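The entries follow in the order I looked things up.

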Amino acid sequence: MTSTLLDDRRDACRALKALSKKYRLEVGAYGMDAIRTVLAGDRPDSEIVGYALDTLANICSPQVFTEEERPELGHECLLHVGEQFTEIFLKQSDGVSLVLSFLEEYDFKVRWPALKLLSALATNRLRDIQEIILVSPMGVSKLMDLLGDSREVVRNDTLLLLIQLTKGNANIQKIVAFENAFDRLFDIITEEGYSDGGIIVEDCLLLMLNLLRNNTSNQNFFKEGSYIQKLGPMFDLPQESNEDALWSPQKVSNIHCVLQVVRALVSPGSPGQVTLTCQYLLMAAGIVQALCRILMASGVPVDVLTEAICTVGESIRGNSANQEFFSTVLAPFTPPKEAIVVLLMSMVNEKQPFVLRCAVVYCFQCYLFKNETIQAQLVQTLLPSTTEVSNVTCGQLLCSGLFSHDSVSNWFSSVCLSHALIENPVQKEQLLRVLLAATAGNPPVSLLHQASLLLQQCGKVQSKVGLLMLLSTWLSHCPMAVKQFLSIPTAIPYLTTQAGSNERDENEELVQGLCAFLMGICVLFNNDSVASYTKENLRHLIGNRVGRENFVSKLSEVSRHEQYSKAAKQPQPRAANSEELLLDHEFCKLFKALEGMIIKAVTSSDGGPGGGGSGVVARYKDLIRDQDRRLAETQATVLRLQQEGAALESRLEEAAAHVARLTDENMLLRAQVGSCFNVYLFTIDKT
Amino acid sequence: MSYAYLFKYIIIGDTGVGKSCLLLQFTDKRFQPVHDLTIGVEFGARMITIDNKLIKLQIWDTAGQEAFRSITRSYYRGAAGALLVYDITRRETFNHLTTWLEDARQHSNSNMVIMLIGNKSDLESRREVKKEEGDAFAREHGLIFMETSARTAANVEEAFINTAKEIYEKIQEGVFDINNEANGIKIGPQHSPSNASLPPGSQSSSPSSGCC
Ligand SMILES: Nc1nc2c(ncn2[C@@H]2O[C@H](COP(=O)(O)OP(=O)(O)OP(=O)(O)O)[C@@H](O)[C@H]2O)c(=O)[nH]1
Ligand SMILES: [Mg+2]
């Protein structure tokens, strides 16, 4: 290898390459320096450079070759050989720049092994390689040029290398985008036939995903460059003539990837402005519509369907125009049904795959998110109405889910209903008017009452957690709901027992914590209109029956639960299995906002002072005591006035509720009279 | 909205001279009083009209801090225009111009149009670099020159638009190879060079609204 004759060195290199798999350790240990010398010195001779690069690629390869397996060496100890040689190679300065410079050689014998070597190095030491490439002049540009290489292997391997290099490095992602990556990728995707294309399409989409995910600058560039429209043809699905051909495994992967690309653009984690514009553009490009067609098509594989449902959700989340569009989407049934109803039907159907049901819940949450109109529409479907409804409604489905024997359905329905109430005081009060027909002979019961009874009767943690989250959301910031809840005779005794219980089981403790939270809400938003459970009474009850410290520690069980931090992270419910489904993202936000206030309201005590002191201190103490007394008197007056005010207010509310109930009954009666009248007319007609 | 041409710009210059503010003023018509250090680069875009043609500007605002210098270099090659910015209230930012210019000339394509900008012209009382000095530097190095204020928006539109005009003229003269995207110029989707018909009703040289 150190021979002065080029021919000799070339032969030596060829031999080294031949040995570099089987005797990787030896070749690496004794040959590394010599190979580097060849790379630096014999650049004009493409053959020898090719051998040298190939040899290095083998030595540094992250994979274990079958040729090198030997009985005396364990497989374990071969695993890290490539990594160690990579480290040695990186120690010598400008090794990587040298390899990068060989990418400019057009000769396949040189360019291809250089790519393979870079890929091996990147697999073993990604961070180091990323940093080196960033500081080598035109490092990324050189790679980008290779995407246009007419030899498919080179192009494809470049793509794979770029996927590696863009992982988690925003700077490289931006340079790659600047170098016209999106144009190149769409060129390839178009050429390969969009979603019908092979694995190369999937690779293009994976790179696109790396460039866009969590990268606001690139997301901006993507939307400004009109690339969203270019995604459109990816969703052109032929009519269902031959479903097997339609959903080949590769097609499933391609669609799955492009759905993730869309989600990267409208992710709830991005700055609101980018998300909103992208949502509009997705609608304008017809992509939301195309996604809805996938949702309603038959024969779509579950994982595509699941991802498509989530994608629709995020494309409409918090965007009232898109949400309204979604509310008008119809499923092709006879007679046509609203798409959202069809989705909810799957959600409360035990036989549907769990992941799919989770996706629907998420989509439904997105549908309601920050949209008072849609929230009102949902609650409206539960209220007694004049118009005869023959079709099943969202409200009915959620109610049936709430009282189903399936705890997952209970949880989903509770959470969905609670999302109709978030930051919406009007609907919290509206929902109080919902009456459910009880068993024959008994008067109808309010939904709130029924939900509380269910909470007390059901044995499953998941259902209880769901109901407690619903009740907490409902009662928070709504004194009228608190009042109705406190009037249920068993409600507070049940919560007191739960919060005071000492049963030790992780999930039981969560239930106890949530019960404490709900009690706390009853204290915070109490207008003292239920005599037995005024603010003060409840505080005493907590002090005596639960214990203040115990109460606070029960509360902390909620935020300490492992599902809490998971749910708090992102809005999409992510549970590997149904048992993990416990806490909801929006509920966690509510909990975080109120926990401190509740602790303060419950623990800020009227406890007396203690200890003694010298003369001056004693005088001051007297003074303070005196002031204290006067303060207490004033406070008492204020309290009395407040209570009087509250009592008046609640009488007013009662009257208002009464009027509302009368109106409902009136409407019902009118409807009945109307139908009687029709029958009457009909009979007259006949006679 | 389809454009006749797309130009890629970069904005370079020392940290704190007001590069990000210039971009924000140009794209969003806002001023940001606190220094929000740019990390790496940030992207912005706007449509303008020149000679009755819609031109899309894609702008990469780079970080001025020394630590990001090598990253910034990756953006020279693909840019058609560069705004080289200094701060008229800090002489050292003017003194560094030679280094910036060397860097730009070394890594960019030779036709890149460079606009020299003396920013913060609203701070007359704290001026350290005379306007004549900027003028002289620009003349010596063959650059276009303007003083701007990202705060009052004075000359901000003009800086971006005049750069585009210069590029546009170079295209008309045939200096730029518009088919080579590495020059930072793209022809719009529906426009071939022979068929660059005017969109009806568009006005000459007036910026269109920011969103597109
Ligand atoms: N008075 C005045 N202040 C300005 C003007 N332009 C920018 N500033 C201020 O100068 C500071 C720096 O502005 P930036 O635009 O963030 O600076 P930059 O050049 O992007 O800095 P880097 O991102 O670190 O490279 C900010 O506090 C701005 O408010 C201007 O025209 N007039
Ligand atoms: Mg900046």
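These are my notes on confidence, fold and surface.

Ground rules. I am working from a predicted model, in which local features need pLDDT of at least 70, side-chain atom pairs count only at pLDDT 80 or more, and totals for chains, interfaces and linings use all residues. Residues are numbered from 1 along each chain as its sequence is written, chains are lettered from A and ligands numbered from 1 in the order in which they are written, and side-chain values use heavy atoms, with hydrogens and water left out.

Confidence. I noted an ipTM of 0.86 and a pTM of 0.84 for the complex, both from the predictor. In residues 193-212 of chain B the pLDDT stays under 50; the model has 38 contacts for them beyond four places in sequence, a contact being heavy atoms within 4.5 Å.

Chain A, fold. I counted 37 helices and 4 strands, which are DSSP runs (helices H or I, at least four residues; strands E, at least two), numbered from the N terminus. Of contacts between residues at least 6 apart in sequence, 71% join residues at least 24 apart.

Chain A, extent. The C-alpha atoms fill a box of roughly 105 × 105 × 50 Å along the principal axes.

Chain A, burial. I found 51% of the 687 residues buried, meaning under 20% relative accessible area (1.4 Å probe, protein chains only).

Key: pLDDT is the predictor's confidence in each residue, from 0 to 100. Buried means under 20% relative accessible area, exposed over 50%, partly exposed in between (1.4 Å probe, protein chains only).
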